[in-house]
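Here is a short report on one protein chain. It covers cavities, salt bridges, a packed helix and backbone geometry.

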Amino acid sequence: MTNGEIAAAFERIALLLELKGENPFRVRAYERAAQMITAHPREMRDLHSHGGVDALKELPGIGEDLADKIAEMVTTGRLVYATKLQKEFPEGLLAILDIEGIGPKKAKLLWQKFRVRSIDELETLAQSGKLEKLKGWGPTSVRNILRGIGDRRTLRARLPLPKALELAEELCAALARSKMCNRLEIAGSLRRRKETIGDIDLLATSRRPEEVMDAFCALPAVQRVIGRGPTKASVLLRSGVQADLRVVDPAVFGAALHYFTGGKEHNVIVRTMARKRGITISEYGAFRGSAERKGKLLASRTEEDIFAAVGLPWIAPELREGRGEIEAAQKDALPSLITEDAIRGDMHVHTDFSDGTASAVAMAKAAKAVGYDYIAITDHASPMGMVRGIKTGNIDAYLTMIDDARRRVPGIHILAGAEVDILPDGRLYLPDSVLAKLDWVVASIHQAFRQSRAEMTKRVLRAVAHPNVHLLGHPTARLLGQRTGIDIDMEAVLHAAKKQGIAVEHNASPERLDLPDVFLRRAKELGVPVCIDSDAHDTDGYDKRFGISQARRGWLEAGDVFNAWTWKEANRWMSQRRSKSR
């Protein structure tokens, strides 16, 4: 187990103990332990492997009981106490705790007063009007609960891209090991790299299709078979996602790959174009006339051939959404989409000065090893009770740490930055006197997510207008599969960013992928630079694959992306920003 998983287990225990009405000191012990573990620079498993339980007992707030529980988790991957504790409560009641706005005290009241044991029962109760009459609830609380229920259902209906791609690649690897597939590709919305995925589509060629179907349906990841035939099977995976596999003839693989990549609007437009030319397009190819009437086959083997049959160049899968890519292709105006090797730096990186796990020196060395020319160290500056972080009283120590990293890691430009919280009224957590000492300031929202659209927009616009801000971090504050984004007028925010001369972030963390692709494209149209940042918290965190895929869906080219610029270009932009702030 990682530190994050251990901390999450302790936070869950604290919630359940509070729900039981346990001693508040015991509840707080688990909460403090979770906070300490989250912020600790070393993994608990490493401490345990080197020093055993005694090393864990030396940690702040960790006595023998908690040390034994940590040791159990890092050695077995589970905690018997947590499992037993959860069995004391109805399963549905535990799900209620995941609804935003429902804490242990409210969950306990719902259970004891109304016998609520599921999310469906909570929804019915909230709609009845009974909760609004209770002290401490009110109409706003009830609206937030109903919204939280809706968000949870929406989020759980689809799988975040990183998790879906991992599942699909595992399926492909298992099928590849069977050595029965000559060619195997991911299709559908996953090939288009949509941020969330409803199901997984796989396309293969094989001389033994029925044996491939047998192997696919028998994979360990499969919970049950929905349906199968000689060349197609649909299964429900243990993750709750449906996966479909089709085996086609190699001669029509290109046509099938185009057809099953989608999206729906893109395919409709292509088929409409084809009909105007007297051509029919299906998963079997492009035909002069009709395939059913044995029309002449024009193309089928490759996607390029299918596109050429209707007078188009090949269009990257990420663009195939029916959002103007056909018109751009007709005008020879498709964007030269950004690739991962175009990235030259990272402007959002954390160290163990706040909640990262590695030193500034280690993070700089890792960035240099990736091939970056520059990075911005941007540790947190937040009022949210973090164990570490940038404060007014330690800014000089922070700058000294970064100066030391510059001396010890030559050959890469290291900026002294901060990720500063945007407070509920739009002010920044750090005073101007401290912000002025920094090379790079990222302004982000980490709290008060449920403000009204007008309040949230006003809040962010105030932060964007601050002369020391360079970048608006993860602008919607969403967490894929966990939390929907804030309610905000993003059009107004992007216009303000353009006016103020700041950049907006696409946070490439697999948990966020924020900004969404539609806003990335709008930023491009307005001429607002985009930073594709990793939000790295450890030396392995510089992976930007998923961020690049979303940038491509947003039609971004290298010139649109701040950290694809050379150091000279980036430094010139920052110098102009500094001049404006003065």
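Which residues line the largest cavity?

## Cavities

This is a predicted model. The lining of its largest cavity is made up of Ile422, Ala443, Ser444, Ile445, Val460, Leu472, Gly473, His474, Pro475 and Ala477. By type, that lining splits into 7 nonpolar and 3 polar residues, with no charged ones.

The largest cavity holds about 40 Å³ of space. In total, the model has 3 cavities of 30 Å³ or more.

## Salt bridges across the chain

The count of salt bridges is 33. One of them pairs the side chains of Arg478 and Glu195, at 2.9 Å from N to O. Arg478 sits in the loop between strand 15 (471-472) and helix 21 (490-500), and Glu195 in the loop between helix 11 (188-191) and strand 3 (196-197), so this bridge ties together parts that are 283 residues apart in sequence. Arg478 is buried, at 9% relative accessible area.

Another salt bridge joins Arg246 to Asp201, at 3.7 Å from N to O. It links strand 7 (residues 242-247), which holds Arg246, to strand 4 (residues 199-205), which holds Asp201. These partners are 45 residues apart. Is Arg246 buried or exposed? Arg246 counts as buried because its relative accessibility is 16%, and buried means under 20%. Asp201 is buried too, with a relative accessible area of 12%.

## A salt-bridge network

Arg553 and Asp517 meet through their side chains in a salt bridge of 2.8 Å, N to O. Arg553 belongs to helix 23 (residues 545-553) and Asp517 to helix 22 (residues 517-526). The two are 36 residues apart. Both Arg553 and Asp517 are buried.

This pair is part of a wider set. Salt bridges with shared partners connect Arg192, Glu321, Arg323, Asp517 and Arg553 in one network.

## Helix 17 and strand 12

Helix 17 spans residues 360-370. Its buried residues are Ala360, Val361, Met363, Ala364, Ala366 and Ala367. What do they pack against? Their neighbours are strand 11 (345-349), strand 12, helix 18 (395-408) and strand 13 (413-421). Gly371 follows helix 17, and its phi is positive, near 110°.

Strand 12 covers residues 374-381 and includes His380. His380 is buried, with a relative accessible area of 8%. The His380 side chain makes a polar contact with the side chain of Asp355, at 3.4 Å.

## Backbone exceptions

Most residues other than glycine have a negative phi, and most peptide bonds are trans. Where does the model depart from this pattern?

Arg115 has a positive phi, near 55°. It lies in the loop between helix 7 (104-114) and helix 8 (119-128). Arg115 is partly exposed, at 42% relative accessible area. Lys179 also has a positive phi, near 60°. Its place is the loop between helix 10 (161-178) and strand 2 (183-187). Lys179 counts as exposed because its relative accessibility is 74%, and exposed means over 50%.

The peptide bond from Gly262 to Gly263 is cis, with omega near -15°. Gly263 falls in the loop between helix 13 (253-261) and helix 14 (264-276).

Conventions: Residues are numbered from 1 along each chain as its sequence is written. This is a predicted model: local features need pLDDT of at least 70, side-chain atom pairs count only at pLDDT 80 or more; totals for chains, interfaces and linings use all residues. Side-chain values use heavy atoms; hydrogens and water are left out. Helices (H or I, at least four residues) and strands (E, at least two) are DSSP runs, numbered from the N terminus. Buried means under 20% relative accessible area, exposed over 50%, partly exposed in between (1.4 Å probe, protein chains only). A polar contact is a pair of N or O atoms within 3.5 Å; within protein, one must be able to donate a hydrogen and the other to accept it, and residues adjacent in sequence count only if both atoms are side-chain atoms. Contact means heavy atoms within 4.5 Å. On a 1 Å grid over the protein atoms alone, a cavity is a set of points where a 1.4 Å probe fits but cannot get out, and a pocket is an open set with protein on both sides within 12 Å along at least five of seven lines; lining residues have an atom within 4 Å of a point. Grid points are joined across faces, edges and corners, and a volume is the space filled by probe spheres set on the points. Ala, Val, Leu, Ile, Met, Phe, Trp, Tyr, Cys and Pro count as nonpolar, Asp, Glu, Lys and Arg as charged, and the others, Gly among them, as polar. A salt bridge is a side-chain nitrogen of Lys or Arg within 4 Å of a carboxyl oxygen of Asp or Glu.
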